[in-house]
Amino acid sequence: MSSTRDYYEVLGVERGASEDEIKRAYRKLALQHHPDRNQGNAESERLFKEAAEAYSVLGDAQKRAQYDQFGHAAFSGGGPGGGFRGASMEDIFSAFGDIFGGGFGDLFGGGRRQRGGPRPGRDLKVVLDLTLEEIDSGVERTIVLKRAEHCESCSGSGAKPGTGRTTCATCGGRGQVHRSQGFFTMATTCPNCRGAGQRLESPCATCGGAGTETRKAEVKIQIPPGIEEGVRLRVAEAGDVGEPGAPRGDLYCIVREKEHRIFERSGADVLTEVPVSFAQMALGDKVEVPTLRGRAEMAIPAGTANGKVFRLRGQGLPLLDGNGRGDQLVRAFIEVPKKLSERQKELLREFGEIEQKGSPHRSFFDKIVNYFS
Ligand SMILES: [Zn+2]
Ligand SMILES: [Zn+2]
C-alpha cells in the first residue's frame, strides 16, 4: 500500500529539515517499528514500510526536490511509494541497510547476514519441560536434537570431490540482482546462487550440494534455580552448522513449567492448600505442610477463620538474583467430614445446641442485626 500521508509528516520532521535530521528521524522510526521487535504486528509493519517509503524520497536530494514541488503527484503511476507495494522486509533492509552501519541485524544482535558472505547456521529451538522441583534446585539437562552438520563426503563445500565452482550466470558473480520498480531500483539477493556469486560445477552426491546433512547431537545445558516460565536460554553456537567460514546458529531452550500436583507458582512464591478440621481451626493445632523440599510444621492459632492464608517465609523458590527465596503461602480450609460416627454426631449436635443459645463469638450475626435495626 502506497502512503498518501505527507512524507515529512510520516518522518515527523519540518519541511526545511536537514539531510541529517531526516536520516535520524527515519532511523528512529525504523528501529521503533522494526519487525524483529514487533513480530506479527501488522500496524508496525505498515508504519515501518511507510517510513521506508518516505525516506526513499526525502533521503534522496533529487527526489526530495521533485516531491517538494509536486508532492505525491511527482511519483504517480507506481512511483517510489508504489515500489514498496510488494517489497519484502528483506528488500527494505538491503535498500537502506547502509544507514545503519553494519546493517539492521547487528543492532539487535540478530546477526543478519552480511551481503554476499557465507551464511550462518539456523537457530534452533527446543522446549524444556521442567518440574517445580527442578526449577527449585536448578538442573543440568542433556538435550538430544537433530541438527545440520557439515556433510562428511564434501566437508561442507557441497561440491562433488574433485570438482569446483563456476561463476553464476544470472548475476555475473556479484551475488545481487537489481530490480526496478518505478523510479526506484533495489538490489536483491541473486535467486540463482542465493548471493554466493558462484554455482557448483557438480553437486556432492551425498548432500545434493547443500553441504550439510542432519545428524543427532547432544547439548548440555545448565538451568539456573528459580528460572521462570517462558524464559529463553541461549546456548551460543549449538544450532545448525553454517556455511564454511560462518558461525553455527544458536540453540534456544524455552522453559515451560510442568503442572504440579499440589503446588502452584506465583513468581518466587509457591501456593498450596491444606485441609484442616473445624476442631483444629477452633482450638488451634500444629499441622504438617508439604514444601518443595520436604515437610514443614505450621501452627494454626485458635480461632482461625476458614480460608486464612499463612506465609511460610523462605519456603518458596530461589530468587533469580540469588538473594534468598520467596515464600510459601498456605491456605487453610475446613474440610467438612462426609462420614461421622454416632459419637461424633452426638457431640456435634450438643455443640450446635450450646452455640444456638447465644455464643459470644457470633460477631457476624451481630453485625447483620445492627445493620437491619
Ligand atoms: Zn556433501
Ligand atoms: Zn547469482
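Which side chains meet in a salt bridge of 3.6 Å, N to O? The first legend answers this for a predicted model.

**View 1. Salt bridge between Glu342 and Lys345 in helix H9.** The side chains of Glu342 and Lys345 meet at 3.6 Å, N to O; a salt bridge is a side-chain nitrogen of Lys or Arg within 4 Å of a carboxyl oxygen of Asp or Glu. Because the two residues lie three apart in helix H9 (residues 342–356), about one helical turn separates them. Helices (H or I, at least four residues) and strands (E, at least two) are DSSP runs, numbered from the N terminus. Glu342 is exposed at a relative accessible area of 57%, while Lys345 is partly exposed at 30%. Buried denotes under 20% relative accessible area, exposed over 50%, and partly exposed the range in between (1.4 Å probe, protein chains only).

View 2. Leu348 belongs to helix H9 and is partly exposed, with 43% relative accessibility. Patches consist of residues with over 30% relative accessible area and no salt bridge, like charges being joined within 9 Å and nonpolar side chains (Val, Leu, Ile, Met, Phe, Trp, Tyr) within 5 Å. Accessible areas come from the Shrake-Rupley method with a 1.4 Å probe; for residues, only the protein chains shown count as cover.

**View 3. Negative surface patch including Glu19.** Glu14, Glu19, Asp20 and Glu21 form a patch of negative charge on the surface. Lys and Arg count as positive and Asp and Glu as negative, without His or the chain ends; each charge is placed at NZ of Lys, CZ of Arg, CG of Asp or CD of Glu. Glu19 lies in helix H2 (residues 19–32) and is exposed, with a relative accessible area of 64%.

View 4. Strand E4 (residues 176–181) pairs with strand E5 (residues 184–189) in the antiparallel sense over six bridges; pairing requires at least two DSSP bridges between two strands. Ser180 faces Thr185 of E5. Two residues separate the strands of the hairpin, where Gly182 adopts a positive phi near 65 degrees.

**View 5. Salt bridge between Arg147 and Glu149.** These side chains meet at 2.8 Å, N to O, and both residues are buried.

**Notes.** Residues are numbered from 1 along each chain as its sequence is written, with chains lettered from A and ligands numbered from 1 in the order written. In this predicted model, local features need pLDDT of at least 70 and side-chain atom pairs count only at pLDDT 80 or more, whereas totals for chains, interfaces and linings use all residues; side-chain values use heavy atoms, leaving out hydrogens and water.
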